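Open the model in a viewer and keep the selection tool at hand. The stops below go from ring to sheet to core.

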Amino acid sequence: MKKVLVVDDESSIVTLLKYNLEDAGFEVITANDGLEGLNRAMEEHPDVILLDWMLPGMDGMEVCKELRLKKIQTPIIMLTAKDEEFDKVLGLELGADDYMTKPFSPREVTARVKAMIRRSSISSEHQMNEIKPKEEMYSFGPLQIYPERFEVLLNEEPIEFTPKEFELLVYLIENKNRVLTRDQLLSAVWNYDFAGDTRIVDVHVSHLRDKIEENSRKPVFIKTIRGLGYKFEEPKS
């Protein structure tokens, strides 16, 4: 049984989410403030964390930041009553994988949790496979990507990526020179079979450019195709 941690100080929301997630077959654990949520995440090792932005004591942003600093890569879905774009982008910058704005439908929350778990399970199985005698590697000038090792080197120096950033990079490379829409990327990388906020893709692409491009404002690898989406372009030799 997959485990979901719900961290929210509104008892009505906790009750609603717990009821619907348990009805969908998940084990649900809860916390009512940020510090408790951080501790439960460390102790219980949930498969997905639903994390409220505004929490007493340590807020959701701090909890998210602390978890990522401790190298805990459990998928995090931020829950926020705020609707400013800055808040959502900040959450993604700190390591959240997705966000939902209150009020939300319990059905959509359940669908997003299932999508996160499906994608995480696929990634885990991929990483647990034994390395083949001839390891797959992509090389583009100073950039080398080792999917089996979950490793990227730029000018022979390792670069740290979140699991979602790495998945996105590998998917773009596997489809190099092909234009991919934001909706296609949401479906393939986030495993959404429903409409999602495409700014999630934009923020993650921005992260990738900051890490692998010499000049993120003039990208060589990940090109924006205006009105369509993105393309990983193999540099001409």
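Is Phe150 buried, partly exposed or exposed? The model is a predicted one. Select Phe150 first: its relative accessible area is 27%, so the residue counts as partly exposed, given that buried means under 20% and exposed over 50%.

**Stop 1**

Three aromatic pairs are counted in the model.

**Stop 2**

Next, select Phe221 and Phe232. Their rings are stacked, at 5.7 Å centre to centre with 15° between the planes. Phe221 belongs to the loop between helix H8 (199–212) and strand E11 (222–225), while Phe232 is in strand E12 (residues 229–232), so the pair ties together parts eleven residues apart in sequence. Both Phe221 and Phe232 are buried.

**Stop 3**

Switch to cartoon and select E6, E7, E8 and E9. These four strands form an open antiparallel sheet, in the order E6-E7-E8-E9. Strand E6 (138–140) and strand E9 (157–159) have a single partner strand each, so one side of each has no neighbour in the sheet. From one strand to the next, the twist averages 25°.

Zoom in on E7 (residues 143–146) and E8 (residues 151–154), which are joined in the antiparallel sense by four bridges. Across this pairing, Ile145 stands opposite Val152 in E8. Now show helix H6 (residues 163–174): the helix packs on the sheet, touches E6, E7 and E8, and runs at about 105° to the direction of E7.

**Stop 2: charges over rings**

Which ring does Arg149 lie over? Select Tyr146: Arg149 is over its face, 4.0 Å from the ring centre. A second case is Lys211, which lies over the face of Phe161 at 5.1 Å from the ring centre.

**Stop 3: the core**

Finish with the largest nonpolar core, a set of 68 residues in which Leu50, Val113 and Ile145 have the most contacts. Centre the view on Val113. Setting aside neighbours within four places in sequence, Val113 is in contact with Val4, Leu21, Phe26, Val48, Leu50 and Ile77.

Technical notes:
Residues numbered from 1 in each chain as written. Predicted model: local features only at pLDDT ≥ 70, side-chain atom pairs only at ≥ 80, totals over all residues. Heavy atoms only, no water. Core = buried A, V, L, I, M, F, W, Y, C linked by side-chain atoms within 4.5 Å. Buried < 20%, exposed > 50% of the residue type's maximum accessible area, 1.4 Å probe, protein only. Contact = heavy atoms within 4.5 Å. Pairing = 2+ DSSP bridges. Helix = DSSP H or I, 4+ residues; strand = E, 2+ residues; numbered from the N terminus. Axes fitted to C-alpha atoms, helices over the stretch in contact; angles between N-to-C directions. Phe/Tyr/Trp six-rings, centres within 6.5 Å; stacked < 30°, edge-to-face > 60°. Lys NZ or Arg CZ within 6 Å of the ring centre and 35° of its normal.
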